[in-house]
Each structure stands twice: as C-alpha cells, then as structure tokens.
Amino acid sequence: MTRSVFPGSLLASDGPRILFVGGKGGVGKTTTASALALELARAGRRCLLVSTDPAHSLGDIFGVELTATPRKLRGGLHALELDPDRQVVRYLDQVRENMQGLVRPAMYHEIERQLELSRQAPGAVEAATMDRISQLMADTVRRPRGEGDWDVLVFDTAPTGHTLRLLSLPEIMAAWTDGLLRTRQRSDAWGRALERLSGGRAAEAPGEGDELSYIDQVEEGGGHQDARSRRIREVLLERRRKFTRARRLLLDPAVTAFIWVLIPEKLPILESEKAIRTLDEHRVPVAGMVVNRVLPRGDLGAFLESRRAQEEEYLARIRKHFSRIPRIQVPLLARDVEGMETLEQVGRILMGGERGSPPPG
Amino acid sequence: MTPSRDEIKRRLEHAMELLREFYEGRHRGALARSRRDEDDLFMLLVLSESMGIPNPASYYTLELLPLVMDRFHEWHLRMGMEHSPLDGFRCC
Ligand SMILES: Nc1ncnc2c1ncn2[C@@H]1O[C@H](COP(=O)(O)OP(=O)(O)OP(=O)(O)O)[C@@H](O)[C@H]1O
Ligand SMILES: [Mg+2]
C-alpha cells in the first residue's frame with residue numbers, strides 16, 4: 001500500500017488531520033467514517049469521531065450511548081455526537097453575560113425576549129453546529145500531532161444538503177461580517193473627519209476600563225460612542241477571525257480531506273455530481289470517493305447477475321464522471337454493518353488490505 | 001472717519017472667523033449626519049431579522065444586539081415615532 005495516494009494517504013504520518021465523510025442519505029457515511037476512524041486508531045492515531053448529523057446514528061453502529069462529551073470506544077478512539085441545542089444555550093448565556101453594563105436595565109426584558117425567540121430561529125442550529133466544528137478543528141490543529149487531545153478528527157456528516165450548507169457558512173458569514181465592518185469603517189472615517197474639523201475636540205476616547213460607563217446619554221461623537229464603536233468592531237473582528245480560520249482549515253488539502261461516499265445507483269450518482277461541483281466551487285478539497293455496496297464477485301444467481309449488469313453501467317458512469325477523483329470500492333456485505341468486528345472488516349477493505357475489495361475502478 | 005489699519009484687520013479677522021464657523025458648521029453638520037446615517041444603517045442591518053427581513057446571519061447578530069439597542073431607541077424617537085415601530089422589537 002502506498003501512503004502517498006488515497007486511501008493510504010489518510011494513514012500517512014503527515015496525512016490530513018481533519019476528515020469529513022459526506023454523501024447522500026443512507027449511502028454509508030456513518031459506516032465509512034467509523035471504519036476509517038478505527039483504521040486510524042489502529043495506525044496509532046488518537047482519533048475523535050464526531051457526528052454532525054442532527055439525526056445521530058453513530059452511537060447505534062457501535063452499540064453505545066453517545067453524548068456531546070467524548071466517550072472512549074477503544075484505545076485511541078473516542079466519539080461524540082454534537083448537541084447544537086446545548087451549544088445555542090451556551091452562546092445565549094454568553095450574550096447575556098456580555099450585555100451587563102452595555103444596556104440599560106430597562107432593556108433587559110426585550111433582549112431576553114429576543115434571545116428566547118432566536119433559539120428557535122432557522123439557522124441557529126446550523127450556525128451552532130458550525131461554531132462547534134470550527135472550534136474542534138482549531139483546537140486540534142493548534143497542537144502538533146501527539147501533543148494535543150486529538151491527532152485526527154473524523155466527521156460523520158448529515159446528508160448532502162445539510163453538509164454543503166454547513167461548509168459554505170464560514171464563507172457566507174465572512175462576507176457578512178466584512179459588509180458590517182465596512183459600514184463601521186465608513187462611520188469611523190466620518191468621525192475622524194469630524195474630529196479634524198473640530199480641531200480634535202471629539203478625539204478624546206475614554207481610557208480602557210471605563211468604557212460605556214455613561215451609557216445613558218446617546219450623543220453623536222461623544223467618547224462613549226467611540227467606546228461602543230470599538231466594542232462593536234472587536235466583536236465583528238473576532239467573528240471574522242473565526243470564520244476565516246474555519247475556512248482556511250477547510251480549504252487546506254494538507255489539513256482537511258473530504259471523502260465522498262456514494263452507491264452505484266442512479267440518484268446517488270446524480271446527487272454526487274451536483275455535490276462535487278458545489279464543493280469544487282467552494283474549493284473544498286475532495287480527497288477521494290468510496291463507492292459503497294458494490295455487488296460482490298462470484299456467482300450471484302440469475303436475478304443478481306442482471307442487477308450486476310445494470311450496476312456495471314452505473315460504475316462506468318462513476319468512472320467517467322469522477323475520473324479525477326481517486327476511488328475505492330466496498331462490496332455489499334451479507335449483513336448490516338454493526339459493531340467493532342464488522343467495522344474493522346470494512347476498514348480493512350477500505351484500506352485495500354482485504355481481498356473481496358474490487359481493485360480501484 | 002476712516003477706520004485705522006488695525007481696525008480693518010480686526011474686522012476682517014472677525015468676518016473670517018464668522019465665515020469659518022458658518023462654513024465648518026455646515027460641514028460639521030453634514031459629516032455628523034453622514035456618520036449618523038452610517039450608524040443607523042449598521043443598526044438596521046443588525047436588526048434586519050426583527051424587521052421581517054430574513055437574515056441568514058441572525059444568529060451572529062445576537063451578540064451585537066446589546067450594542068445597538070440604544071441606537072434603535074434614539075433612532076425611532078429621532079424619526080418622530082414615540083414607540084418602537086417594530087412589532088417584533090420593543091425597546092420602550
Ligand atoms: N457495504 C455495505 N454492505 C452492507 N450494508 C451496508 C454497507 N454499508 C452500509 N451498510 C448498511 O446500510 C445502512 C446505512 O449505512 P450508514 O448508516 O452508514 O449510512 P449513512 O450514509 O450514514 O446514512 P444516514 O444518511 O442515514 O446517516 C446501514 O444499515 C448499514 O449497516
Ligand atoms: Mg449516518
């Protein structure tokens with residue numbers, strides 16, 4: 001097995017530290033992610049397997065109960081299921097905390113109402129999910145392999161649409177913060193021009209620490225206005241820093257590998273063609289594909305032989321359409337994939353170490 | 001009696017001072033207004049979801065909400081509305 005090409009590259013000592021496993025619903029994402037994570041752990045990586053699918057099934061495949069806190073599955077392998085609701089609550093608590101001293105107490109009630117409303121607002125769960133993913137990615141790559149909590153993160157993602165939206169969030173949101181920052185810049189520029197004209201009279205900004213102590217008078221050009229502007233800018237810049245960091249990590253093929261799972265059937269292929277195009281547009285590096293549930297070799301009987309003829313057409317289409325992307329095939333197994341043993345078997349097939357895996361097509 | 005040179009100079013200086021104040025006052029007003037418009041725009045962008053404009057970033061605007069609430073209140077008073085014009089957003 002060469003380690004410079006997919007899938008061996010995933011196990012290389014300088015392989016990607018973040019893996020995303022995506023695909024249409026039901027094609028084998030959770031199976032693939034789990035099997036890969038087991039292989040990584042076997043290769044000595046300390047691996048965290050993370051389910052981002054709101055309809056979690058990661059715990060089921062291992063036959064254990066998972067929560068948002070990492071649980072040890074075996075040496076070198078932990079797993080968790082993201083809990084975006086908990087994440088939203090935490091974020092709202094933080095907003096509440098930060099608002100102390102910024103807002104007249106008379107407004108607390110309305111802000112509280114807004115916070116409650118936004119808990120159910122569309123997009124909140126996705127934003128919270130992406131925040132958590134970004135945080136995990138940043139925490140992981142901050143430390144060299146072997147030194148931080150995890151050497152590699154494996155994300156078992158939700159079906160296509162959800163995941164594509166998720167991955168495009170940092171880009172869209174960075175554009176949004178930039179837009180807001182531009183209006184702040186223009187406001188500041190007017191403010192500076194105003195100062196020059198008034199001979200520097202509006203120039204005094206309050207020292208650090210006593211910011212916003214005189215919040216009740218709202219007046220143009222006043223010192224507290226500057227302090228507030230500064231705080232707004234800080235909040236926006238911090239947000240933008242997080243979005244650009246997430247985006248940088250997602251787009252760096254040395255850091256992140258996106259693995260696309262599909263099955264040789266018409267609709268999954270069509271959906272994959274679209275999805276890969278979208279990923280390309282967003283410049284997310286697709287490291288390889290897993291063509292799952294390919295009918296095994298050997299005599300299958302007349303009925304399945306006819307299916308196989310049909311499947312051959314689909315496999316040809318996959319070869320043609322995804323010629324640029326390295327692919328591995330995983331045969332349809334006699335039974336569902338559940339428990340460590342079967343997952344290990346799939347892992348070996350994925351890594352090309354077991355016969356029964358048709359050669360890369 | 002014709003005014004002395006010094007007197008003329010003093011009057012001229014006075015006139016210039018008045019003119020400068022007039023001129024700067026106008027521009028100061030214009031600059032302050034520009035800044036105010038920009039800040040209003042920012043506030044409205046942050047509150048867009050409350051105004052019924054779907055904003056995919058509304059989750060992230062929450063942390064800015066406390067920073068623009070005062071401005072919203074001041075804005076609707078300035079616009080001659082005694083109370084918040086937004087059903088979904090009451091500040092007073
Ligand atoms: N190669 C295979 N052979 C036989 N069964 C398989 C194979 N791969 C996956 N399965 C079975 O197919 C079902 C779906 O697999 P899995 O849960 O991994 O898909 P998924 O893409 O994660 O689904 P979802 O979109 O619902 O999260 C499971 O019951 C799994 O055991
Ligand atoms: Mg799944």
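Visitor: What are the ground rules here?
Guide: It is a predicted model: local features need pLDDT of at least 70, side-chain atom pairs count only at pLDDT 80 or more, and totals for chains, interfaces and linings use all residues. Residues are numbered from 1 along each chain as its sequence is written, chains are lettered from A and ligands numbered from 1 in the order in which they are written, and side-chain values use heavy atoms, with hydrogens and water left out.

Visitor: How many residues does the contact take from chain A and chain B?
Guide: Chain A gives 49 residues and chain B gives 37 residues. Contact means heavy atoms within 4.5 Å.

Visitor: And how much area do they bury?
Guide: About 4200 Å², with 63% of it on carbon and sulfur atoms. Buried area is the accessible area (1.4 Å probe) that two parts lose on being put together, summed over both.

Visitor: How many salt bridges between chain A and chain B?
Guide: Four. The criterion is a side-chain nitrogen of Lys or Arg within 4 Å of a carboxyl oxygen of Asp or Glu. One pairs B:Glu38 with A:Arg186, with the closest N and O atoms 3.0 Å apart.

Visitor: Which helix of chain A supplies the largest share of the side that touches chain B?
Guide: Helix 6 (160-197) is among the helices that each supply at least two residues. Helix 6 of chain A gives the largest share, 13 residues. Helices (H or I, at least four residues) and strands (E, at least two) are DSSP runs, numbered from the N terminus.

Visitor: Switching to the sheet. What is the strand order in chain A?
Guide: The order is 3-4-2-5-1-6-7-8, an open sheet of eight strands with mixed pairing. Two strands pair if DSSP finds at least two bridges between them. Strand 3 (71-74) and strand 8 (327-331) of chain A are the edges, each pairing on one side only.

Visitor: How do strand 2 and strand 5 of chain A run?
Guide: Parallel, joined by five bridges. A:Leu49 has A:Val154 in strand 5 as its bridge partner.

Visitor: What about strand 3 and strand 4 of chain A?
Guide: Those run antiparallel, with three bridges. They form a hairpin with two residues between them. A:Gly76 in the turn has a positive phi of about 85 degrees.

Visitor: Which strands does helix 10 of chain A lie across?
Guide: Strand 3, strand 7 (286-294) and strand 8 of chain A. Helix 10 (residues 339-350) runs at about 140 degrees to strand 8. Axes are lines fitted to C-alpha atoms, for helices over the stretch in contact, and angles run from 0 to 180 degrees between N-to-C directions.
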